[in-house]
Amino acid sequence: MKLKRILSIPIFSVIFVVGFVYYITVFIFIEDCYGLSSPEGSWKAMIFTLLGALFSFSFCVCVLTDPGGVPSQFLPDMEENPVSDQENKTTAVQQRHCDKCSTYKPPRAHHCRVCRRCVLRMDHHCVWINNCVGLRNYKAFVVLVVYATITCAYSLITILCCALRKDWDFSGRMPLKIFYITSGMMVLGLTLTMGTLLSWHIYLMARNMTTIEYYDAKRAAWLARKSGLSYHHPFDVGTFKNFTLVFLSL
Ligand SMILES: [Zn+2]
Ligand SMILES: [Zn+2]
């Protein structure tokens, strides 16, 4: 099952893009501007290799870690349910029953149509790791996005530094200029995408929300406003504690 998940086009696409960015950064830009045998060039290449290794390790962890399934013996606690009367309690419990898995779902668990099972604290199904992002691999996913952002930003700065160091009057052949511009635009796009994704997850972590809960909360807040009430996300326990719940969890 795991092997089948690894052998997917999106995962190979990520490996290809990472390999390509690593190759052009180290063997074309750093080699061309500093030389890999020079002290400056070798430590720049070493730092980038370390970042690439950290990214690759996190990527493997995200792909291979089980996001967290619902235990088969799980039963909802009727008494702990926040709704008051018996009829509403029964409706709430029915809503937490997954007809596809024929089990009850704990709070924050959702059914993933791709994985065909319920996932604990499900954030979303990520095609790039071909896995769900849930309770057990959310921290690894955030760390992966951090490494991806730093790695892309490092590559972008390297390309910019090389472009500024080059004497374009003498070495400014057109194909070389096109290569610099194309590579720079590609890495800039990756840096902005990863940076935006990281900002989004920092915002979600600060509020102890999953991506699914964000959209549910938006609707709940709109309904509350219509009734003249204010909505408070039930799992939000304060920004600092929300972050510790993610980073100090298993
Ligand atoms: Zn299910
Ligand atoms: Zn999934």
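Among contacts in the protein between residues at least 6 apart in sequence, what percentage join residues at least 24 apart? The share is 63%, with contact meaning C-beta atoms, placed from the backbone, within 7 Å.

This is a predicted model: local features need pLDDT of at least 70, side-chain atom pairs count only at pLDDT 80 or more, and totals for chains, interfaces and linings use all residues. Residues are numbered from 1 along each chain as its sequence is written, while chains are lettered from A and ligands numbered from 1 in the order written.

View 1. Helices (H or I, at least four residues) and strands (E, at least two) are DSSP runs, numbered from the N terminus. Of the 250 residues, 24% are buried.

**View 2. Helix α3 (residues 39-64) packs with helix α5 (residues 138-165), their axes coming within 9 Å.** The axes cross at roughly 155°. Axes are lines fitted to C-alpha atoms, for helices over the stretch in contact, and angles run from 0 to 180 degrees between N-to-C directions. α3 and α5 are therefore roughly antiparallel (angle over 145 degrees).

**View 3. Residues of α3 meet residues of α5.** Phe48, Leu51 and Phe55 are among those from α3. The α5 side includes Leu144, Tyr147 and Ile150.

**View 4. Threonine 211 lies in helix α8 (residues 211-226).** Threonine 211 counts as partly exposed because it has 13 C-beta neighbours inside 10 Å (buried is 20 or more, exposed 12 or fewer, partly exposed in between; C-beta atoms are placed from the backbone). Beyond neighbours within four places in sequence, threonine 211 contacts Asp123, His124 and Leu204. The C-alpha atoms of threonine 211 and aspartate 123 are 5.2 Å apart, across 88 residues of chain.

Technical notes:
Contact = placed C-beta atoms within 7 Å. Parallel < 35°, antiparallel > 145°, perpendicular 65-115°, else oblique.
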